[in-house]
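Please look over the structure first.

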Amino acid sequence: MRADPIALGFRPSELTRFLAPDVYLDGRADVALVDGVSGRISVLLNGGRGRLEAVAQYAAGPSASGLVAADVDGENGPDLLAATSSDIVVLLNTGSGTFEEAEGIALGGPPKSFAVGDFDGDGDSNLAAANYGGIAVLRWASRDRTFTATEKYDGIVASQLLAGDFNADGYPDLLVRSQEGFFVGLTGCEGGFDFGPFFPTGTVRSRLVDGDFDRDGLPDLAAATSAGTVALYLNRTPPPRSRDCNHNRIPDECDLASGLAEDADGDGLVDECDVTRFHRGDVNTDGNSDISDVLYLFGFLFRPGNMPTCMDALDTDNDGAIDISDPISLLNFLFRGGPPPAEPGPATEPCGTDPDPRGGPGDLGCEAYGSC
């Protein structure tokens, strides 16, 4: 079914670009579009039931193109950015379905492409923009409410920039495409790009788009070629070798360097990783939750022998005591659809740490658990 058309007030051209961000943060996709001929950005809010409402138009600038939606200031939802013939313009979201007037970010030359991402991992947005002089990386300055220059990579001529976590280390990297091919700049803990090998693209005639086409957790690339085909470039970037004990996809040394984690005891480990991770209900620590755990619990209660290395795993209901209620609750979960063991849950859930404070009344201790 086609909904009623909405008048734009201008005739779109081949330079018109569409996006569907949730501008109002109400769970509904809105529409934003930039038109290079008129130099305007239009925003249409979703009124519900498949209807769009023409709301506002904003002056962007001559030859406006390359519309991107990103929450650059960390407030009010996605903002809008576009390239013009002279700069990058930023329209900040007010949170009420409208945007502030466009503010231009001068780059010292006409921008060819740009990308947004937290490249240095400090929690603030970065803007990577390419012009004929190279690539400039700018950081969002909350106090001044604008981007300020931080780094410059001279001599790199890029027709497209694309942000993506190409090595799965939790930080966005920067793909740089020229007319002949592309290469990727991998980011370190404190920003900066380590540019890798060049990959020729030959007959590719479109922009590169990213997607996990082989389902290995890494973004791959696709593009249309002059031969009327689609070329795929499968990502074979090695995963980071750094330790990631808290499993947040950020190397531990980067967690510590950025202040996202602490090392109060100075042992070089993220403090939260000094606590053993385990599955509650996997009492024999074999990585499964099954009848063997029930038998282990009954044996522990009525035929005491070796002391388990993770007592918290036996306390399936996390009441601070190991008693007959624990094997009964585990049987109820396994065979009668009862509630699962308390956090960090059974082996079907991710490993976790005891939510009870260390040394508190609910903490029975978990010195070692080998199945996480």
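Are Cys310 and Cys366 buried or exposed? Both Cys310 and Cys366 are buried (buried means under 20% relative accessible area, exposed over 50%, partly exposed in between, with a 1.4 Å probe and protein chains only).

This is a predicted model: local features need pLDDT of at least 70, side-chain atom pairs count only at pLDDT 80 or more, and totals for chains, interfaces and linings use all residues. Residues are numbered from 1 along each chain as its sequence is written, and side-chain values use heavy atoms, with hydrogens and water left out.

**Disulfides**

A disulfide is counted when a pair of cysteine sulfur atoms lies within 2.5 Å. The count is two.

| Pair | S to S | Angle about S-S bond |
|---|---|---|
| Cys310 and Cys366 | 2.0 Å | -105 degrees, left-handed |
| Cys351 and Cys372 | 1.8 Å | -95 degrees, left-handed |

Cys310 sits in the loop between α2 (291-302) and α3 (325-336), and Cys366 in the segment after α3, so this pair ties together parts 56 residues apart in sequence. Helices (H or I, at least four residues) and strands (E, at least two) are DSSP runs, numbered from the N terminus. Cys351 has 15% relative accessibility, so Cys351 counts as buried.

**The sheet**

Four strands form an open sheet in the order β9-β10-β11-β12, with antiparallel pairing. Edge strands β9 (113-117) and β12 (146-154) each have a single partner, so one side of each lacks a neighbour in the sheet. Two strands pair if DSSP finds at least two bridges between them. Strands β10 (residues 126-131) and β11 (residues 134-141) pair over six bridges, in the antiparallel sense. Asn131 has Gly134 in β11 as its bridge partner.
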